[in-house]
Amino acid sequence: MTAIKKFEPFKSALLIMDYQRLIRENYLSEKTAADVLARTAVLAEAARGAEITVIYITVGFREGHPEISSKNTLFLGIKKNGLLVTGTPESEIHPVVSPQAGEPVIIKLRIGAFSFTGLDMIRDPDVDNGRPDDQRRSS
């Protein structure tokens with residue numbers, strides 16, 4: 001394992017990914033989900049307290065799922081069943097870990113969140129946590 005030599009909160013982010021109702025209910029037992037949610041809530045609060053940006057990533061589609069190709073066998077069931085339409089109850093992030101005002105929520109259309117999404121913003125070396133230049137320099 002690589003050791004972190006220098007931790008820079010203003011150049012770090014906590015990613016909270018796939019905490020949507022449909023995903024939790026289908027992949028975690030009730031007990032495990034409660035534990036994961038509680039631990040994630042503590043982690044998110046600690047990150048905010050350390051001035052680390054918290055970024056949420058969800059899977060979401062428009063009505064009719066035009067984003068899902070008939071060749072995408074992994075997501076075809078989602079399309080056929082009309083699931084994970086942005087704004088529907090099954091696509092909501094659990095309230096225990098939901099975003100606070102101003103925290104970004106990035107919607108992904110594929111399994112991976114690191115390409116073809118707004119998450120590309122964290123790869124840009126000129127993008128810090130949205131902190132003013134004077135705060136970045138003082139860290």
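Colleague: What stands opposite Leu15 in β2?
Modeller: Ile55 does. Strands here are DSSP runs of E, at least two residues, and helices are runs of H or I, at least four, numbered from the N terminus. This is a predicted model: local features need pLDDT of at least 70, side-chain atom pairs count only at pLDDT 80 or more, and totals for chains, interfaces and linings use all residues. Residues are numbered from 1 along each chain as its sequence is written, and side-chain values use heavy atoms, without hydrogens and water.

Colleague: How many bridges join β1 and β2?
Modeller: Five, in the parallel sense. Two strands pair if DSSP finds at least two bridges between them.

Colleague: And in what order do the strands of the sheet come?
Modeller: The order is β1-β2-β3, in an open sheet of three strands with parallel pairing. β1 (13-17) and β3 (105-108) each have a single partner strand, so one side of each has no neighbour in the sheet.

Colleague: New topic. Is Thr58 buried or exposed?
Modeller: Thr58 is buried, at 7% relative accessibility. Buried means under 20% relative accessible area, exposed over 50%, partly exposed in between (1.4 Å probe, protein chains only). Thr58 lies in β2. Its contacts (heavy atoms within 4.5 Å) include Val105 and Ile107, leaving aside residues up to four places away in sequence.

Colleague: What about the phi of His65?
Modeller: It is positive, about 55°, though His65 is not a glycine. Most residues other than glycine have a negative phi. His65 sits in the loop between β2 and α3 (76-80). His65 is buried, at 2%.
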